[in-house]
Structure formats: C-alpha cells, structure tokens
Amino acid sequence: MQQFEQYINGKFVKSTSTEVIEILNPCTEEVLSLMPIGSVKDAQLALEAAQASQHAWKSLPAIQRANYLNKMADVIRENRIFLAKTLAAEQAKVMGLAQVEIDVTADYFDYYAGFARRIEGEIIQSDRAKEHIFLHKAPIGVAVGILPWNFPFFVMARKVAGSLITGNTCVINPSSIAPNTVMAFAKLIEAIKLPAGVLNYVCGKGSIVGNALSKSPITGIISLTGSVGAGQMVMEAASKNITKVSLELGGKAPAIVCADANLELAVNAVVTSRITFSGQVCNCAERLYVEESIHDKFLDMVAAKMKTLKVEDAFSENNPDMSALVSKAQLDKVSEMVEFAKKEGAEVVVGGTRTPGFDKGYFYQPTLLTNVTQNMQIIQEEVFGPVLPVMKFSTLDEAIALANDCEFGLTSSIFSENFNKVMHAAEELQYGETYINREHFEAIQGFHAGWKKSGLGGADGKHGMEEYLQTKVIYAQYR
C-alpha cells in the first residue's frame, strides 16, 4: 500500500510526523493509501524552500515560467487515464467526470501559460514636468494553496498556475480526504525538472498544516477552497501578519424557473447540476424556485428525470450518472438533513434514503423534496449532496427576493425565454455568478468568485491571475 511522503524543495522526504490517515475508496471502503498527518515543521520546511527559490523564479522571463506550465499540461495528458482512475477511486467520481476534470486541468495549465505575455502595467501622466509614473505588477512572494476534496486536481491547478506564472512560488496542502491524485501529479512532474522549491506539496490536516501555513510570516497569499468554517479559521490565522486571503467557500445556489422557460432544457440543466459528483459541488443548484402556474408540471418532469438516474460504482461500465458520496461523514450529514426536513414537514417525491442494494459504500439516492418553506434548514444551509428542495413563486421579484434570502452568494441561475426577465434577474441576484438557461458550471476564462459568505477574491481568467500580483508604483523624474 502506498504511503505518501512530503514533496519539499524538489525531493520526496518523510514527514516529521509518524501519524497517518487512511484514504478510503468511498464505493468499497477499502484503504487506498496512507497519508501523513503532517506537522508544523513540515509546513515550515516547505515555506522556507519556497521562499529561498522565489527570487530566482520571479527573475525568469515569464515566458520561461510558462514553458514549465506547458510541460505540466503535457505530463497530465500523457497520464490522463491513470490520473482519472486515481481520482475516481479516491472520490467515487464517475469515470466520465473524473476524465473531464483531468483533461480540463491540462487545458488550465496551458491557458495560464498564455498569460506570460499579458502581465501588464501602466504609464500614468504625472502632474509634474519631466516625471513619469510607472505602475508595475509584481509577484507577492510565497503563495499557499489549501485544497478541497471535491475537485482536488482542478483546484490544485487554479492555485498553482496563477501563482507560478506571475512569479510566485507555491506550497500546496492537499485535502486529507482526497490527496491521491494531487500527490501522483507531484511524482509525475519530477520529470520536468522544475527548479527545487518552486512548488511544494505538504500533506496533513488543515488544523495542523493548513494553520501553520496560514499564520506564517513567510506566506504572502493564502488561497483556500473549502467551507465557511475553514475560511474563517484561515482569516483568523492570516490576520496576525495581515496576509492576503483569497477564499472560495460554500454555496446555496438558487435556480429560478419561469413559466415561459424551455422546460425540457431547464429540467436537464437543473437535474444535471444537482447530481454532478453526487451533488458535492459548491456552485451547483441547491434549491429550486418554480413559477406557480407550471409548478406541478415541472415537479413531475424533474421527478421523472430523477427516477431514470443510474447510481453505481464509479468504475461501472454502465456509465452511471452518479456514485457514492465521498465519506461516511458526508453521507451522515446528507441523511440527517433530509430526515430533519421531513420532520419540519417536507415531503419526499423521489429518493430520501440511502441507495438500496449496496452492502458497502456511501451511496445516497437522488432526492426531490416538496412542501418546503424558506426558513427550513434544507433551504438555508448547504447540503452538498444529491438533494433538491422545490418551492413555488408567483412573481419574478418574489423569486429574486427568496433567492437572495441567504448568507451565501456564489452562483445562481434563471430559466426564461424573456430577455427582459433574465436581464432583470441577472442584475438583481446577489451572487458572483448567474447562469442563464444553462447548467451551473463556470468556464476557465471567466472569474469564479463568491459574494457574502461564499468568499473573497476569486479564480480563473485575467482577474484570477491578478490575485497573485501586487502593485508597485515608481515615480521617475528626469532632467
């Protein structure tokens, strides 16, 4: 059985901690690997390595840094099937989706390599004669990336690509639930001969390794994707040194379906959004608001679609729609939230229990709930599972008000064939992203950013790259 070591300063080294965490296959509950719990010393060694290599790295022309990102993309493509199988095994992510994550990650490295010639500053007109004001963009220094378990490989690229192309060095803390694919990548990139210390991987619990990385004075920026609680802990740790934070946190995305929507399109988009990776996606639709004149018809259509979904092992040749949840803790959370919703008066239309027929694994059925109210936990709190509560509305402004009645603000959507309606909703919805007549999923050239408790800063596109830059102004007088 594989036991991971830490990747620090260009070498795999044993953790200074002897304790390990078992990484399980969520479908079979078999142990796949052993991950070190990690230590404060491990984190410190990685930060020191990143700090020591940063000046030489930022001094390289950006196009040379880009060449390394292109090589990372090549390594991923050369090992795409191996990496997808590794991802599917540790997460219960169905093979089709696992392969998409691997392939998009390769594209992401190439995409950010293309920014090498687009890191730009400005020349500003001075109020003084014979003076120029030069505005430069400079790397922050050492970037720390703390990864989630739901899209660990893609989110790793989000944090690595943006930091490296801009001249920062990087320390990554993989998820303690799903580190296998990320650590397999760390092994594969040895072949590209990235300068030692530029990219480091330290396994371990967020409460130990993540906290040590966040509160260190060496760290220049912390990028975390995780829960609101994790974000709050990172902000508290970072506050001592006033370290910059970029946070993508939870979501409770509303989907609004108007009577004039293309109902078939809306059903497919909403259901796909809700069951992608078994509903364990921050930006996927978590609650559905349907105009009352079509409510019953649309509910029937969603129910019929959900009843056709296949829930099987991630490696099933039947190309299942979804598989198990990532852990027993996640299964218990989803089960408890549905049971509590029932006690509050919610009615189960489809599902509502663990998936029958599995002796092992963390399987839960696609679930559709009705007779819910706005103040219920199932409407207000993130489920992170394949559960969709449905409410009706009478006017679009009522739907928008219900959608905005939430502490989260990551993504939202509206389905309507009326241009005025969708533009009005897009203007009024208090979310970082709004999807119109499509599923909830972002593009790498956009800007994935949450409002309210869904985060600070963001990722992807030009603005995501700029998270890793700081501004320096030079006032140059001449005679």
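Visitor: In what sense do S13 and strand S14 (residues 285–291) pair, and over how many bridges?

Guide: They pair in the parallel sense, over 5 bridges. Strands here are DSSP runs of E, at least two residues, helices are runs of H or I, at least four, and both are numbered from the N terminus; two strands pair if DSSP finds at least two bridges between them. This is a predicted model, where local features need pLDDT of at least 70, side-chain atom pairs need 80 or more, and totals for chains, interfaces and linings use all residues. Numbering starts from 1 along each chain as its sequence is written, and side-chain values use heavy atoms, leaving out hydrogens and water.

Visitor: Which residue in S14 is the bridge partner of Val257?

Guide: That's Val290.

Visitor: And what does the chain go through from S13 to S14?

Guide: Helix H9 (residues 263–275), in a right-handed β-α-β crossover. With the strands pointing away from you, the path from the first strand over the helix to the second runs clockwise.

Visitor: Which residue of S19 partners Ile256?

Guide: Ile414. S13 and S19 (residues 411–415) are parallel too, with 3 bridges.

Visitor: Why is S13 largely enclosed?

Guide: Because 5 of the 5 residues in S13 (residues 253–257) are buried, meaning under 20% relative accessible area (1.4 Å probe, protein chains only). Ala253, Ala255 and Val257 cover one face, while Pro254 and Ile256 are on the other.

Visitor: Zooming out, how many helices and strands does the protein have?

Guide: 15 helices and 23 strands. Of its 479 residues, 57% count as buried, and the C-alpha trace spans about 75 × 65 × 40 Å along its principal axes.

Technical notes:
Buried < 20%, exposed > 50% of the residue type's maximum accessible area, 1.4 Å probe, protein only.
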